[in-house]
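Consider how a protein model may be read feature by feature.

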Amino acid sequence: MVEHGWHKDAVIYTLDVKTFNDSNGDGWGDFQGLIEKLDYIEALGVTCLWLRPFYPSPLRDNGYDVADYYSVHDRMGTLADFRELTDRAHERGIRVLTDLVFNHTSTDHEWFQRAREDPDSKYHDYFLWTSHLDDAYQTANIFPDREDGVWSYDEVAGKHYFHQFYHHQPDLNVANPAVRDEIHDVMRFWLDQGADGFRIDAAHPMLLPKGHNGTTEDIELFKELKRVVTAAKDHAVLIAEADDQPEHLDYYFGDGEAFDLMFNFVLNAHMVYGVGVRDTWPLHRANEVLPDISGVGQWANFLRNHDEWNLLKLPHEALEHAREYFGPDDGSSWIFGRGHRLRLADLFDHDHDRIAMAHSLLFAYPGTPVILSGDEIGMGSDLWLDERESVRTPMQWDDTENGGFSTADREDCYNPPVVGKEYSFEHINVADQQADPDSLLSHIQRLVAARKRNPELSDGDLHLAESGHKDVLVHRVDAGDTAFIFAHNFADEYREPVLQWEVPDADTSRAVGDGGYHIEDGGVTFLLDPCDYVWLRGDKSDR
């Protein structure tokens, strides 16, 4: 029996099956290859896998252009392989979440093919059409430097269809009850195959105005999803990818009746920017603008995901500064007018101490932490690849051919491994770091273990302090009778902040981190080398 609410103190690890591990030498990762690496995932300490799309797809958008919701892409395996993965993961206490894309399909999907061929088919109303483009609703496309708008002409149908993403991804008409029934059936299917819940891609666009009349949906759409998954599997969870304005984010939880978790894009932009520029003001600002979601849901916090590092939630001046500060001089990493297609190691100049400190800060915040596969060893991007594929290169397991990902020729790999620079698999790989107690991987393992030892952190109350240094963040998390105090030095120099919060010496101990501290007269002084951090845990019961 899986405990209801398991997600609250989970540590999530996200990966793409087709770039994780290749078991049969064809250049594509597959489910059997992932199963072979469950020992590694278990040793890392994470308690949940989030798998990005593995369904049949023409792969014009990395699998987010789904052509069949009920199967596995044949290069990645079979349904039986997926079921074996979930069984093996569950034996280790690891939950499995899958990505579901219900805002749109691929134009290759049977629903769209039947819709365009027969205007009298029920499938025609699965999508959104107009025969009068001049009168139709218009809005900006999500990929403004790749698409001219949100309407594309289909010669077979003789009409324009609506798409907020690429032109090969027609939006589903989620207002249509028949479409909702299809969505619910898909979710029940994958729960029956062993999934423990879903990341719902593009949750925000699902509610935006769509179609000829710009029709909108409300939170009942997502409340229905939650009722369906709970009825099918009572411990199943839903995570929203909803990059909406901060003041609207609490809406997606539906007063506790819709999403369980939501990716925290606001904290992501501010945390990575602040750590990168050595200034804590972005963390203070994020704390001010984020809504209070206590009692209705929880944040899923992350440093990087598999898309661009989206900076739109920063103030305009900071966004423009980040555009120049973090990217190469030729501007090749900037995309969609909103972010960098770089990995965390690129953003932090290959500084493993800074990457480790950033993960410590991530894990020291209330919410559910999410790790992007490869970040735990400091993998970098390949800007020679198109668009966001730059951050989707194969996992680097060792220094052998293709980084141990595949025995295929390099050109036959789904994406080629990174070679020829400081981020190549000869220099950055799992095997080297597993043998080194001071490696980035070892630091991340210790942080994951510390987070699991202190599950109270997940839903505690966050309080930020004034440390006296703009480049040192000190904060506290109160959780019942336990108080955690954290100090993180963003600077490249030694810092010695003094905190006046009452700290009982006898009841306070180090949870993790090498930073020094001493307690005197109820306060604490931290002794922090560059990129140092320390977690303190104290008992408040006798205060």
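Predicted model: local features only at pLDDT ≥ 70, side-chain atom pairs only at ≥ 80, totals over all residues.

Q: Which residue in the loop between strand S12 (334-335) and strand S13 (339-340) deserves attention?
A: As a general idea, most residues other than glycine have a negative phi. In this model, Phe336 lies in the loop that links strand S12 (334-335) to strand S13 (339-340). Phe336 has a positive phi of about 60° although it is not a glycine. Its relative accessible area is 4%, so Phe336 is buried, the limit being under 20%.

Q: Where does Cys531 lie, and is Cys531 buried or exposed?
A: Cys531 is found in the loop between strand S21 (523-527) and strand S22 (533-539). Its phi is near 60°, a positive value in a residue other than glycine. With a relative accessibility of 6%, Cys531 counts as buried.

Q: How many disulfides does a search of the whole structure find?
A: The general idea is that a disulfide is a covalent bond between the sulfur atoms of two cysteines. Here a search of the whole structure finds 0 disulfides. As for individual cysteines, Cys48 is buried, with a relative accessible area of 0%, and Cys531 is buried at 6%.

Q: In what order do the strands of the open sheet that includes S18 stand?
A: This sheet is open and has 3 strands, in the order S18-S21-S20, with antiparallel pairing. Strand S18 (498-499) and strand S20 (516-520) are the edge strands, since each pairs on one side only. Between S20 and S21, which run antiparallel, there are 5 bridges. Within this pairing, Glu520 stands opposite Gly523 in S21.

Q: Which residues point each way from strand S7?
A: The general idea is that in a regular strand the side chains alternate between the two faces of the sheet. In S7, Gly197, Arg199 and Asp201 point one way, whereas Phe198 and Ile200 point the other way, and all are buried.

Q: Why is strand S7 (residues 197-201) described as largely enclosed by the rest of the structure?
A: The description follows from burial: 5 of the 5 residues of S7 are buried, so the strand is largely enclosed by the rest of the structure.

Q: Which strands pair with S7 in the parallel sense?
A: Strand S3 (residues 95-101) pairs with S7 in the parallel sense over 4 bridges. Here Thr98 stands opposite Phe198 in S7. Strand S8 (residues 237-240) also pairs with S7 in the parallel sense, over 4 bridges. The bridge partner of Gly197 in S8 is Val237.

Q: What does the side chain of Ser439 reach?
A: Ser439 lies in the loop between helix H13 (430-434) and helix H14 (440-453). The side chain of Ser439 reaches the backbone oxygen of Asp436 at 2.9 Å. Ser439 is buried, its relative accessible area being 6%.

Q: How much space lies in the largest pocket, and which residues lie nearest its centre?
A: In general, rolling a probe the size of a water molecule over the atoms shows where empty space is left. In this model, the largest pocket holds about 1,000 Å³ of space. Its lining has 41 residues, of which Ile293, Gly297, Gln298, Ser458 and Asp459 lie nearest the centre. By class, the lining comprises 15 nonpolar, 16 polar and 10 charged residues.

Q: What is the volume of the second largest pocket?
A: The volume is about 740 Å³. The second largest pocket is lined by 33 residues, and Ile142, Pro205, Asp243, Asn310 and Arg338 lie nearest its centre. The lining divides into 13 nonpolar, 9 polar and 11 charged residues.

Q: How many cavities of 30 Å³ or more does a search of the whole structure find?
A: The search finds 2 cavities of 30 Å³ or more. The largest cavity contains about 90 Å³ of space. It is lined by 14 residues, with Thr19, Arg52, Arg343, Ser373 and Thr393 nearest its centre. The second largest cavity contains about 70 Å³. Its lining residues include Trp50, Arg199, Glu241 and His306; by class, the lining has 5 nonpolar, 3 polar and 3 charged residues. Arg199 is also one of the buried residues of S7.

Methods. Residues numbered from 1 in each chain as written. Heavy atoms only, no water. Helix = DSSP H or I, 4+ residues; strand = E, 2+ residues; numbered from the N terminus. Buried < 20%, exposed > 50% of the residue type's maximum accessible area, 1.4 Å probe, protein only. Disulfide = S-S within 2.5 Å. Pairing = 2+ DSSP bridges. Polar contact = N/O pair within 3.5 Å; in protein donor to acceptor, adjacent residues only side chain to side chain. 1 Å grid on protein atoms, 1.4 Å probe; cavity = no way out; pocket = protein on both sides within 12 Å on 5 of 7 lines; lining within 4 Å. Points joined across faces, edges and corners; volume = space filled by probe spheres on them. Nonpolar A, V, L, I, M, F, W, Y, C, P; charged D, E, K, R; others polar.
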